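Could you walk me through this structure, one feature at a time? I'd like the general idea and then the actual case.

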Amino acid sequence: MIDPGLVPYRRNVFHVRETGNEILIISGKRNEISTLNSVGSFIWKCIDGERSLEEIYLLVCEEFDVPKKIACRDTGRFIEQLKKKSLIAFRQDEKISKEI
Amino acid sequence: MGNKRACRIKTGSVVIGLTCDTADVADNLNTYFGLSECTGPPDIDISLHVEPGGNEIDIPGSLFTTKTGGRGGFIMGGGLVRGAFDPRNGSGEVFVKETLLEVPVIKVFEQFLFQAFYSAGKRNNYDALLVHASGVIRRRKGFLFVGASGKGKTTIARKSGEYIVVNDEIVLVEKADDEYFLRGTPFNGLFREKAGGKAPLTCCFLLDHGKDHRIEEISQGEAIKTVFQEIVPPVGLEDRFSQEVYMEILDRAEDLYRMVPIKKLLFRPDAGFWNVIDDIYRQGRVI
């Protein structure tokens, strides 16, 4: 599991467009396009280079009224997918520890 | 043809003129594209020179992303194609390595012609896009079947023999009077019995294989994304290939979504998919 104290930031993104309640992201040298559904779009908007994963998990809990454990699990998986697609990275030296 | 070295490649409402070095080159291109005599001046005219060789160069998948140059001059595919085009007078000159004109590699050369089409279109303010898709006109309605290689575009064409198959590889989606139309192109897929035609674009289907024929609704994002991926970049010969092009493609995909129903079609390799298409019209799920 990813360290919840890490701060994710967006990278490698050329263009972001909201369409309906989804987000389309054009990224990378090959201009790949990714689609985020409504939940993914909310999480994406939370990634601002300032908030830690812990803070994002809390926001997801509040927005979708889900238990913290589920928010952490599902959001964490989504974050890993974004990382795998090189759409985000983590600020290693800005790890923030806060109590939930 | 009056000029035996001439090819006239009519795509939608524009004509690309190629003046070849020899009648043999022109004959080969006319045969490959199934070109018939086309009267009237072309919208752009390009002198085509064939150069020996090209085997030493790796054939790229794209002449768009391997395009360099500026000020009307271009090099594509690491030197397989080089030339210049002046959009002000619509004339140009291109040098092509002979290996690129051989079947099946000539399909890569078609990408040069896609760019030539867009150049010709710009000169005429012709609002049309080339799309990697199969197109069928059935009962005066145009149907677009979009999908990556292997998803069934040619199968759709082969199972639609009683209708007008305009193409199984590259079709034209033309916009006029705030309406989209499906048209054919001379570019070649595996289905060679393509026919000309034009019809209002009624529905766009995103293809995938299935155990049974089924039509599914898809999200706006997925619909736009899939169409985005199959639009041939609207880059003319005079244009550099830049990331901004992708924003234009996204705009066009969104516009198409706004105006034409886009659905997912899962199908088996038989003509029964037309029955499920008829069903959604009867059910009023497509206007």
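Q: What should I know before I start reading?

A: This is a predicted model, so to speak of local features we need pLDDT of at least 70, and side-chain atom pairs count only at pLDDT 80 or more, while totals for chains, interfaces and linings use all residues. Residues are numbered from 1 along each chain as its sequence is written, chains are lettered from A and ligands numbered from 1 in the order in which they are written, and side-chain values use heavy atoms, with hydrogens and water left out.

Q: How do I read a helix, and what span should helix α2 of chain B have?

A: Helices are DSSP runs of H or I with at least four residues, strands are runs of E with at least two, and both are numbered from the N terminus. The expected span of a helix is 1.5 Å times one less than its number of residues. Helix α2 of chain B covers residues 106-123, and its 18 residues should span 26 Å; the end C-alpha atoms are 26 Å apart, which agrees.

Q: What about backbone angles?

A: Most residues other than glycine have a negative phi, and most peptide bonds are trans. Here are some exceptions. B:Asn125, which follows α2(B), has a positive phi, near 50 degrees. A:Asp65 is not a glycine either, yet its phi is positive at about 55 degrees. You'll find A:Asp65 in the loop between α2 (53-64) and α3 (68-84) of chain A, and it is exposed, with a relative accessible area of 69%. A:Ser86 has a positive phi of about 60 degrees; it sits in the loop between α3 and β5 (88-91) of chain A and is partly exposed at 27%.

Q: Which peptide bond is cis?

A: Look at the one from B:Val103 to B:Pro104, with omega near 5 degrees. B:Pro104 belongs to the loop between β6 (91-97) and α2 of chain B.

Q: How do I spot a salt bridge?

A: Side chains of opposite charge can pair when their charged atoms come close. The rule used here asks for a side-chain nitrogen of Lys or Arg within 4 Å of a carboxyl oxygen of Asp or Glu. Over all chains, the search finds 23 salt bridges. One of them joins B:Lys107 and B:Glu110 (3.9 Å, N to O). Both residues lie in helix α2 of chain B, three residues apart, about one turn of the helix. B:Lys107 is partly exposed at 34%, and B:Glu110 is buried at 1%.

Q: Which parts does the salt bridge between B:Arg252 and B:Asp127 tie together?

A: The closest N and O atoms of B:Arg252 and B:Asp127 are 2.4 Å apart. B:Arg252 lies in helix α5 of chain B and B:Asp127 in the loop between α2 and β7 (128-138) of chain B, so the pair ties together parts that are 125 residues apart in sequence. B:Arg252 is buried, at 16%, whereas B:Asp127 is partly exposed, at 30%.

Q: How is an interface described?

A: The size of an interface is often given as the accessible area lost when the parts come together. That buried area is found with a 1.4 Å probe and summed over both parts. Chain B and chain A bury about 1,300 Å² between them, 58% of it on carbon and sulfur atoms. B:Gln243, B:Met247 and B:Leu250 supply 36% of the area that chain B buries against chain A, more than any other three residues. Counting contacts (heavy atoms within 4.5 Å), 15 residues come from chain B and 13 residues from chain A.

Q: How many salt bridges are there between chain B and chain A?

A: The count is two. In one of them, A:Arg17 pairs with B:Glu254, the closest N and O atoms being 2.7 Å apart. On the side of chain B that touches chain A, α4 (220-230) and α5 (244-259) of chain B each supply at least two residues. The largest share of that side, seven residues, comes from α4(B).

Notes
Buried area = accessible area lost by both parts, 1.4 Å probe. Buried < 20%, exposed > 50% of the residue type's maximum accessible area, 1.4 Å probe, protein only.
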